[in-house]
Amino acid sequence: AMFACTAPQRSHSIHTPRCASRPRARADLTVSRAVEHKPSVVVIGAGVLGLTCALTLAERDEYDITVIAEKFSPDTTSDVAAAFWYPFLVRPKERADAWALQSYSWFVELRAREGGERCGVEMRRCRELLKTTDAAVPGWASGIEYFAELSKDDIPASYVGGFEFDVPVVEMPKFLPWLVDACKSRGVTFERRKLDRVEDARAPLVINCAGLGARDMFDDDEIVPIRGQVVYIKQDCDVGMFDDS
């Protein structure tokens, strides 16, 4: 919410005589207006979540935004993310599908506007291979440009079904610098420093996108990494594949 402080204004009364021998100049009334300051927001962390939050808020033009981080691209965890669009292990499913389709549209429009080489977003065909026959068609399937069930000829022997679809794949070493530039163009400022406590951010609104850094910042031993293995291989096929394991 925004709060505007308005300076108190004195009321002025102007009394004009009923009879005057000469015209009387009208008094000039000056009304002072308080300068409206935007609320300060600090985003902790300069990975994809922190930069996206900063950009989203900056596009509303309602806040004075600062991103504070110890590390920036290319030294963040987000730089090595295997970033392709797919609603995976997100709950509640009904809301997650709507969120996913919003992000899908955003990436498609970004690529069309900026070009894939500049922002790092490309469209790739992916196939999900299924080991069971009880997998339903995803709820988001009707909201993307291309989605189809695999034919029997395209299903490997060890699987019983599958889907293929075209989705955004993001090259993070390109996308993160693009996010930084987009934030700067909208007035976001950046500070490279480590925050030992969240109180050191010194802002009325703080958005925590510190990732594992929040373990020490909030003294929370329950914050632990649960994934993180990325294997780079030669890409000599036109279709990305994964299964439902």
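I began with Lys174, which counts as partly exposed because its relative accessible area is 24%. The scale I used: buried is under 20% relative accessible area, exposed is over 50%, and partly exposed is in between (1.4 Å probe, protein chains only).

The model is predicted: local features need pLDDT of at least 70, side-chain atom pairs count only at pLDDT 80 or more, and totals for chains, interfaces and linings use all residues. Residues are numbered from 1 along each chain as its sequence is written, and side-chain values use heavy atoms, with hydrogens and water left out.

**Salt bridges**

I looked up the partner of Lys174. Lys174 forms a salt bridge with Glu117, with 3.1 Å between the closest N and O atoms. The pair joins distant parts of the chain: Lys174 sits in helix α4 and Glu117 in helix α3, 57 residues apart. Helices here are DSSP runs of H or I with at least four residues, strands are runs of E with at least two, and both are numbered from the N terminus. Glu117 is exposed, at 60% relative accessible area.

For a salt bridge I required a side-chain nitrogen of Lys or Arg within 4 Å of a carboxyl oxygen of Asp or Glu. That rule gives 14 salt bridges.

Next I took Arg125 and Asp166. Their closest N and O atoms are 2.7 Å apart, in a salt bridge. Arg125 is in strand β4 (residues 121-130) and Asp166 in strand β6, so this pair ties together parts 41 residues apart in sequence. Arg125 is partly exposed at 31%. Asp166 is buried at 19%.

I then found Arg127 and Glu164, whose side chains meet in a salt bridge at 2.9 Å, N to O. This pair also links distant parts of the chain, with Arg127 in strand β4 and Glu164 in strand β6, 37 residues apart. Are Arg127 and Glu164 buried or exposed? Both are buried. I also noted a network: Arg113, Glu114 and Arg118 are joined by salt bridges that share partners.

**Helix α4**

I checked the length of α4 (residues 172-185). It has 14 residues and spans 20 Å from first C-alpha to last, close to the 20 Å expected at 1.5 Å a residue. The expected span is 1.5 Å times one less than the number of residues.

Which residues of α4 are buried? I listed Met172, Phe175, Leu176, Trp178, Leu179, Val180, Ala182 and Cys183. An α-helix has 3.6 residues a turn, so residues three or four places apart point the same way. The buried residues of α4 pack against α1, β3 (83-84), α2 (93-114), α3 (116-119), β6 (161-170) and β7 (189-192). Contact means heavy atoms within 4.5 Å. Just after α4, I saw that Gly187 takes a positive phi of about 90°.

**Aromatic rings**

I counted ring pairs next. There are 15 aromatic pairs. Rings of Phe, Tyr and Trp (its six-membered ring) pair if their centres lie within 6.5 Å; planes under 30 degrees apart are stacked, over 60 edge-to-face, and the rest tilted.

Trp106 and Phe175 have ring centres 6.3 Å apart and planes at 75°, so I logged the pair as edge-to-face. Trp106 belongs to helix α2 and Phe175 to helix α4, so the pair ties together parts 69 residues apart in sequence. Trp106 is partly exposed at 31%, whereas Phe175 is buried at 2%.

Phe147 and Phe163 have centres 5.2 Å apart and planes at 35°, so that pair is tilted. Phe147 lies in strand β5 (residues 147-149) and Phe163 in strand β6, so parts 16 residues apart in sequence are tied together. Phe163 is buried at 5%. Both rings belong to one aromatic cluster, made of Phe84, Trp85, Tyr86, Tyr104, Trp140, Phe147, Phe163 and Phe165.

**Ala54**

I turned to helix α1 (residues 48-60), which holds Ala54. Ala54 is buried, at 0% relative accessible area. What does Ala54 touch, not counting residues up to four places away in sequence? I found Val43, Ile65, Val67, Cys183 and Val188. Cys183 is also among the buried residues of α4. Ala54 and Ile65 are 11 residues apart in sequence and 6.9 Å apart C-alpha to C-alpha.

**A surface patch**

Last, I looked at the surface. Val80, Val230 and Tyr232 form a nonpolar patch with about 310 Å² of accessible area together. Patches take residues with over 30% relative accessible area and no salt bridge, joining like charges within 9 Å and nonpolar side chains (Val, Leu, Ile, Met, Phe, Trp, Tyr) within 5 Å. Areas come from the Shrake-Rupley method with a 1.4 Å probe; for residues, only the protein chains shown count as cover. Tyr232 lies in the loop between α5 (214-217) and β9 (239-243). Tyr232 is exposed at 66%.
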